[in-house]
Amino acid sequence: MRGFVFFLLVLLGLALAMRNYPVFSVIYFVTAVYLLARLWARRGLRKIEVQRRFADHAFFGDELRVDVSIRNAKLLPVTWLGIRESLPPQLTTAPRRYVASLGPYERWQSSYTIACEQRGYFKIGPLEIETGDLLGIRPPRKLRKAAQPLIIYPRMVALQSLGLPARSPLAALAARDPLFEDPARVTGVRDYQRGDSPRRIHWTASASAGRLLVKQLQPTDARETLICLDLRLADYDERIPFRSTEFAITVAASLANHIISGEGLAAGLATEGWDTVENAWVQWSLPPRHEQAQLIALLEVLARVQTSPRNEFNLPEMEQKLASPSFAEQLRRTTLASGWGSTVVVITGKETLDLLDALALLRKSGLAVVLILVAPPRRGSPVPGAATVGISVHRVWEDEDLEATL
Amino acid sequence: MSRYKWLTDFVHPLMVGGMLGTIAFAFVAWVKPFFPASWNPAYLIVGCILLALEAAFFNHLTQIQREETGDPRRITFALEFLVIVIGLRLARYLGRPISEVMQAARGLISAPASILDLEFIVALTLGLVSWGIAMLAITYLHRVNQPEDLTGAFAPPMAYLSRRFYAGGVLLMLPTGAVGLFDLAIQARTYSVDALVLNALLYFLLGLALLSQIQFMTLEYRWEASGAEVPPAVASRWLRYSMVLLALALAVAIVLPTGRSKGLLNGIASVIARLMQPEAEQRPAFMGVTMPTPFPGSEPGAGDTGFDELAGAPSDSSMDPLPTFETPQPLISWTVMLLLGGMVLLIFLADRPEIVARLHMMPLRRFLRWLWDIFWHWLLQWRRVLRERLAVRPTAPPAPRRSNQPGFSFFRLGALSPRERIVYYYLSILRRAHDAGVGRSASQTPYEYAQFLKRRLAEGHKDLDALTAAFIEARYSPASIDAPSADRVEGVWKRVKAALRRLTHPRASDS
């Protein structure tokens, strides 16, 4: 209803021109309608309490219930409220829309469910509330409740049968005692005992204490597993790179779940990609741990990581700018801190010469290396080069492959 | 549309009729001094209200005819005109003795040309204008819940109706205010200014209530189109809150001073006094206040009713003393005025938080200087904008006139160009589909909508495809379209229409 003020001025001009003062009653009436309607609409959005409640972490496949409540915490009723809840397009097809009218101190409640069918970091909201006057004199006024984050963990596949080498992280080890000690990790000193190797005598400390002391070394946990996940699109099947990387993330999550929850062993993660929370290219390196919290931390990284920022189309150029020179280079750097005898599980889509070099080096340095290739099966494909240098290689593409192979 | 059928088919036309009646009342106040004192123009005002209802019925009738034949029959219009002429002619004899009516009838038979006397011409002009305006308003009221035309010529009903409301308000205020310009002798022969002011208040009350309803219906349509469910409580609350808003505004209008507004308050006081007096109980006081004819002198005994107090006519001094609002009125008036003024200031300042911030920071003198700078800058800006607009206007091309302008028009389908006919056929299907509950949503393209509609129609799939393709070609292609093509599309259109009708009336089609 545009032009209301202009109309008022015209009426006022008419009344003044004709010096007919009773006509002012009409002007008072129209002015009062205008002012009251505007004031009502203006104060309508005051003391409106908006709440949105939901579990902000969910597992893939969950049905997430979101409760929305709006309370009018004042005496003045709100004539109408248009409510629009924006939802991530990956999870639902359209935003949720509602209409309500709130009396004094009245509460409006609604709930909806989201099917968590895609891993990732999403934002639920923002919730926009608009209200206006009864005559449409002014455009509606809006109130916005900020979006809240939701993390959906990646899909995990239950691994039932394992047909891997004994030193594989995917095998259950019988002995829990440490077999080796790491000479690079000195945790303290103790008095020399007969049989101690002279190499372990801490000469400086002995000189200081006036008696022979030997270094006490940290035992190496050979059951540590580091999952190295390659998320470069160029390293996967160029026809379906996004599907491949998503499946690679599923493989990594399934492995981590199996190792930590199923076997009670330690697992870590090394990967790099686009962090949707920080909106930056991030290199993650989670050292192996065996607590349940480690699994959650690991799954959260796998939920957040993306191969590229949204709306980024020039992916090769972006990767070149942000990422490490190559996955092999990343592998060399991230496995430096791995203990002797621990296992490195490498998940990638292609087997390159550079990668083979890196894997061979890792094996030579005393690590058990497992290569998982996420790529569609090919007829008559040659034996992967990694297998020829004694590295365990597995090719997975479908869920069944994962369950059957691992 | 169907949810508020009683509202759109009866209540809204009645409100439009009431508004037209108030305009007729103000118009009659102007012409009354030029007629004999015995002239009773009440039938004109009532006639305008009834003609608005008749227009609603006629609109419905032409809609049905348009659906059946594509074009309302001319005979319908002729009959409607005849009904209006006869009705207005007969209405002037209401309340008169039968002998006078018979005499007038004999006079008309002997001299048929005497039908066109001044009173009849005035009545016919007023009646036809009311009928036409009501037709336009009702056409737009029916368009509130309809999807926008794809032709781009769609004018939002709310915008159109509010413009008409403004125009009607100005039209009403002109005679209302100008009655005071008459000399006293002429003023005595027409209605009092207070009666006209009450009349104008009634117009604005009805108009704003109607616009509030239209605003709700517009919003409701938008909400439903976006997939939101509208609870029934919203509609009822909207109505209640509108009434509260208008009642508050009316109370403000009554208590504020207007120089003669004491008459309004004293009129209310006298009504209360009459209700409390024993002799008033012998006569239906309520009827005495509300039912008398608003034409002083036309009815014996009208001068001693409460309405005369309201209308500002000189009251019987023997009835005094009556309770008055003389003491509290100025107090109430000034309180309300100050409140309104404060409210305006608060709204103004709330819209401009930078002013409040400056006020906190600056001493008063510097603050006033700052305000003056802003005002001066604003004036200069407006002068520049005005100059630019004046400079641009002569070179601006004239707006193209479209033959398919919105609103009620007595157009004939055959008079449209082949391209416009095809567009009309398609839009007609859209409207019918919407009425049948399978309307097009704003996000659907014609092809998507055709796919959607085909899933709901039992037959006519190929025809629907053909109609959609023809519409796309007519709407977007620059290729020329000849009349035989439009005729072919007309056949297609009829078959799709029949298929849609079977969707809503399966039994009728079976039989």
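# Close-up views of a two-chain model

View 1. R369(B) and D373(B) both sit in helix α16 of chain B, four residues apart, which is about one turn of the helix. The model shown here and in every view below is predicted. R369(B) and D373(B) form a salt bridge, and their closest N and O atoms are 3.7 Å apart. How exposed is R369(B)? R369(B) has a relative accessible area of 55%, so R369(B) is exposed. D373(B) counts as partly exposed because its relative accessibility is 37%. Side chains of opposite charge can pair when their charged atoms come close.

**View 2. A nonpolar patch on the surface of chain B.** Seven names make up this view: W372(B), F375(B), W376(B), W378(B), L379(B), L380(B) and W382(B). Together they form a nonpolar patch on the surface. Their accessible area comes to about 750 Å² together. L380(B) is one of the patch residues. Which helix holds L380(B)? L380(B) lies in helix α16 of chain B, which covers residues 364–392. L380(B) counts as partly exposed because its relative accessibility is 36%.

View 3. Helix α20 of chain B spans residues 483–504 and holds both E490(B) and K494(B). These two residues are four apart, about one turn of the helix. The side chains of E490(B) and K494(B) meet in a salt bridge at 3.8 Å, N to O. K494(B) is partly exposed, with 44% relative accessibility.

**View 4. A buried salt bridge in chain A.** The side chains of D230(A) and R232(A) meet in a salt bridge, 3.5 Å from N to O. Over all chains, the count of salt bridges comes to 21.

**View 5. Strand β8 of chain A and its two partners.** Strand β8 of chain A runs over residues 127–131. How many of its five residues are buried? Four are, and the strand is mostly covered. Strand β4 of chain A, residues 78–85, pairs with β8(A) in the antiparallel sense over four bridges. Here I83(A) stands opposite I129(A) in β8(A). Strand β9 of chain A, residues 141–145, also runs antiparallel to β8(A), and five bridges join the two. In that pairing T131(A) stands opposite R141(A) in β9(A).

**View 6. An open sheet of three strands in chain A.** The strand order is β2-β10-β7 in chain A, and the pairing is mixed. Which strands are at the edges? They are β2 (57–58) and β7 (120–124) of chain A, each of which pairs on one side only. β2(A) pairs with strand β10 of chain A, residues 148–152, in the parallel sense over two bridges. A58(A) stands opposite I152(A) in β10(A).

**View 7. D237(A) in a loop of chain A.** D237(A) lies in the loop between β13 (225–229) and α4 (241–262) of chain A. D237(A) is buried because its relative accessible area is 6%. What does D237(A) touch, leaving out residues up to four places away in sequence? S244(A) and P376(A) are touched. G349(A) is 112 residues from D237(A) in sequence, yet the two are 6.8 Å apart in space, C-alpha to C-alpha.

**View 8. Two buried cysteines.** C228(A) is buried because its relative accessible area is 1%. C48(B) counts as buried, at 2% relative accessibility. How many disulfides are there over all chains? The count comes to zero.

**View 9. Chain B as a whole.** Chain B has 21 helices and zero strands. Of its 511 residues, 43% are buried. Chain B exposes about 28000 Å², and carbon and sulfur atoms supply 66% of that area. What share of its contacts joins residues at least 24 apart in sequence? Among contacts between residues at least 6 apart, that share is 74%.

Definitions and conventions
Residues numbered from 1 in each chain as written. Chains lettered and ligands numbered in written order. Predicted model: local features only at pLDDT ≥ 70, side-chain atom pairs only at ≥ 80, totals over all residues. Heavy atoms only, no water. Patch = residues over 30% accessible without salt bridge, like charges linked within 9 Å, V, L, I, M, F, W, Y side chains within 5 Å. Areas by Shrake-Rupley, 256 points an atom, 1.4 Å probe, with all protein chains shown as cover. Salt bridge = Lys/Arg side-chain N within 4 Å of Asp/Glu carboxyl O. Buried < 20%, exposed > 50% of the residue type's maximum accessible area, 1.4 Å probe, protein only. Pairing = 2+ DSSP bridges. Contact = heavy atoms within 4.5 Å. Disulfide = S-S within 2.5 Å.
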